Amino acid sequence: MTKGKGETEARRFFDHPKKEVTFRQIADNRRARFEYFFTQELEAGIVLTGTEVKSLRDGKAQLSNGYAHIDKGELWLEEVHIGIYKQGNQFNHEEKRRRKLLIHAKELAKLETKLADKGSTLIPLRLYFKGNKVKVMLGLGKGKKSFDKRETIKSRDVKREMSRDD
């Protein structure tokens with residue numbers, strides 16, 4: 001049985017070894033882990049302009065005051081600061097503009113029901129490059145009370161003391 005030209009080309013395409021996906025972290029929201037209990041994490045794509053991506057490659061991002069919410073069936077990221085790109089000229093972006101997040105419709109429906117609970121919120125935990133795409137890791141969490149924060153500080157101090165003794 002002979003193979004046609006198209007079959008051999010398709011075979012070569014599928015036999016090609018997959019490239020490894022590289023991860024490069026841009027920003028981390030360490031404060032959020034202190035302020036909230038997280039029950040679930042979710043990876044989402046983000047819609048950006050060209051100058052925003054170039055600014056992110058320089059590492060100019062801050063997630064500390066950011067949050068995400070659902071508005072009219074779409075997921076939006078608010079209050080995340082991406083610095084201005086120096087060579088951007090008139091094409092530069094606003095630093096704290098509203099940015100659309102990209103997730104599947106089924107995930108959005110599940111997320112919407114979980115966000116209906118009192119005190120639940122979506123907080124950006126990390127901003128990173130996955131291959132050549134920018135991704136946001138969102139955490140679904142509830143705020144900690146002051147006594148919970150004291151316990152977190154106490155356990156952190158105990159771990160630090162134990163590591164010093166070793």
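A nonpolar core is a set of buried Ala, Val, Leu, Ile, Met, Phe, Trp, Tyr and Cys residues joined through side-chain atoms within 4.5 Å. With that in hand, here are some close-ups of this predicted model.

**View 1. The largest nonpolar core and its suppliers.** This core has 24 residues, and L56, L75, L101, L127, V134 and L138 are those with the most contacts inside it. At least two residues each come from β1 (23–28), β2 (36–46), β5 (74–78), α4 (105–115), β8 (120–130) and β9 (133–143). The top contributor is β9, with four residues. To see the packing around one member, look at L75: leaving aside neighbours within four places in sequence, its contacts include L101, L108, L111, L122 and L138. The list for L75 also takes in R99 and K100.

**View 2. The buried face of helix α3.** Helix α3 spans residues 50–57, and its buried residues are T51, E52, S55 and L56. Seen down the helix axis, these fall within an arc of 140°, so they line one face of α3. Among the elements covering the buried residues of α3 are β1, β3 (61–62), β6 (81–82), β7 (99–102), β8 and β9. Following the helix comes G59, with a positive phi near 80°.

View 3. T51 counts as buried because its relative accessibility is 9%, under the 20% limit. Beyond neighbours within four places in sequence, T51 touches Y85, G88, F91, N92 and H93.

**View 4. T121 on strand β8.** T121 is partly exposed, with a relative accessible area of 21%. Leaving aside neighbours within four places in sequence, T121 is in contact with Y36, L115, G139, L140 and G141.

**View 5. The two aromatic pairs.** F23 and Y128 form a tilted pair, 6.1 Å centre to centre with 45° between the planes. F23 sits in β1 and Y128 in β8, so this pair ties together parts 105 residues apart in sequence. F23 is exposed at 55% relative accessibility, whereas Y128 is buried at 6%. The rings of Y36 and F38 also make a tilted pair, with centres 6.1 Å apart and planes at 40°. Y36 is partly exposed at 25%, and F38 is partly exposed at 24%.

**View 6. An arginine over a tryptophan ring.** R98 lies over the face of W76, 4.3 Å from the ring centre.

Conventions:
Residues are numbered from 1 along each chain as its sequence is written. This is a predicted model: local features need pLDDT of at least 70, side-chain atom pairs count only at pLDDT 80 or more; totals for chains, interfaces and linings use all residues. Side-chain values use heavy atoms; hydrogens and water are left out. Buried means under 20% relative accessible area, exposed over 50%, partly exposed in between (1.4 Å probe, protein chains only). Contact means heavy atoms within 4.5 Å. The arc is that of the directions from the helix axis to the C-beta atoms. Rings of Phe, Tyr and Trp (its six-membered ring) pair if their centres lie within 6.5 Å; planes under 30 degrees apart count as stacked, over 60 as edge-to-face and the rest as tilted. A charge sits over a ring if NZ of Lys or CZ of Arg is within 6 Å of the ring centre and within 35 degrees of the ring normal.
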